Amino acid sequence: MSIRTNHYVIDLPFQADDLAPYISKETIDVHYQKHHKGYETALLDLISVKEQKNKSLQDLIIHSHANPDRRIYNNAAQIWNHNFYWKSLCPTATSQHPTKGAFFDAITAFGGFQKVEMDLLTAATSQFGSGWAWLVRTENNQIAIRKTGNADPVWLNSADHPLLIVDVWEHAYYLDYKNRRKDHVESVLKNIMNWSFAEQQFNAA
Ligand SMILES: [Fe+2]
């Protein structure tokens, strides 16, 4: 029985039907209410009330990743990744590429938004099995694309600062796209990526 003293899962930053038709309300509901909150229920069963009060998700991830028992790490990391994922998405009307500023300049140096989207698509479709594709700021303040497997957050073993994330677990798209991961990711990248959030993250310390 979970004793909930902490909410690790954020509130959705949009309505569940705001991303349709690119991601359906049904997918958002199952993904958020069942998968994301399911990781939290599992995590709260694995840690003490004291840990819930005193440890952030980052603390739990960092302190558990070397444990042979992967349960705390996997659930905490998946909660963190999904919190970041919801912030990485937005309704189409607000999904716009910035046209000036430090983030725009870094994207331009990388090759432009089209190249970013192509490389994110390649990372997402070439990730074997479950995982994540990431847009990051490197320690040299450059743009880079990464991919990680299963629950791994990109920042755990690197100096990379995440800017955006794409979920390529099947639960992110199977109800809408069946096995067509590429179609799903293309649709997300073209229509509902929160570039304003990426820019905020780029400019953050
Ligand atoms: Fe997911």
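Gln142 is found in the loop between strands β1 and β2, where helices (H or I, at least four residues) and strands (E, at least two) are DSSP runs numbered from the N terminus. The model is a predicted one, in which local features need pLDDT of at least 70 and side-chain atom pairs count only at pLDDT 80 or more, while totals for chains, interfaces and linings use all residues. Residues are numbered from 1 along each chain as its sequence is written.

Gln142 is exposed because 11 other C-beta atoms lie within 10 Å; a residue is termed exposed if 12 or fewer other C-beta atoms, placed from the backbone, lie within 10 Å of its own, buried if 20 or more do, and partly exposed in between. Leaving aside neighbours within four places in sequence, Gln142 is in contact with Ala106 and Ala109, contact being defined by C-beta atoms, placed from the backbone, that lie within 7 Å. Phe110 is 32 residues from Gln142 in sequence, and the C-alpha atoms of the two residues are 7.6 Å apart. The hairpin of β1 and β2 has five residues between the strands, and within this hairpin Asn141 takes a positive phi near 65 degrees.

The strands form an open sheet of three with the order β2-β1-β3 and antiparallel pairing, two strands being paired if DSSP finds at least two bridges between them. The edge strands are β2 and β3, each of which pairs on one side only. Direction ignored, neighbouring strands of the sheet are turned against each other by 25 degrees on average. Helix α6 (residues 113–126) packs on the sheet and touches β1, β2 and β3, and the direction of α6 makes about 15 degrees with that of β2. For these angles, axes are lines fitted to C-alpha atoms, for helices over the stretch in contact, and angles run from 0 to 180 degrees between N-to-C directions.

Strand β1 (residues 131–137) has seven of its seven residues buried and is therefore largely enclosed by the rest of the structure. Gly131, Ala133, Leu135 and Arg137 point one way from β1, whereas Trp132, Trp134 and Val136 point the other way, and all are buried. Seven bridges join β1 to the antiparallel strand β2 (residues 143–149). Across this pairing, Leu135 stands opposite Ile145, and Ala133 stands opposite Lys147. Six bridges join β1 to strand β3 (residues 161–167), and these strands also run antiparallel. Here Leu135 stands opposite Leu164, while the bridge partner of Trp132 is Asp167. Six of the seven residues of β3 are buried, so β3 is likewise largely enclosed by the rest of the structure.

Among the helices, the axes of α3 (residues 57–64) and α4 (residues 71–88) come within 9 Å and cross at roughly 145 degrees. The crossing of α3 and α4 is left-handed, a term used if the near helix is turned anticlockwise from the far one by less than a right angle, with right-handed used if clockwise. Leu57, Leu60, Ile61 and Ser64 of α3 make the contact with Ile72, Tyr73, Ala76, Ala77, Ile79 and Trp80 of α4. By class, nine residues of this contact are nonpolar, one is polar and none is charged; Ala, Val, Leu, Ile, Met, Phe, Trp, Tyr, Cys and Pro count as nonpolar, Asp, Glu, Lys and Arg as charged, and the others, Gly among them, as polar.

Overall, the protein contains nine helices and three strands, and from the N terminus on its elements run α-α-α-α-α-α-β-β-β-α-α-α. Along its principal axes the C-alpha trace spans about 50 × 40 × 30 Å. The radius of gyration of 17 Å agrees with the value near 17 Å for a compact globule of 205 residues; this radius is taken over C-alpha atoms, and the globule rule is 2.2 Å times the number of residues to the power 0.38. Of the 205 residues, 37% count as buried. Of the contacts with a separation of 6 or more, 68% are accounted for by residues 24 or more positions apart.

Definitions and conventions:
Contact = placed C-beta atoms within 7 Å.
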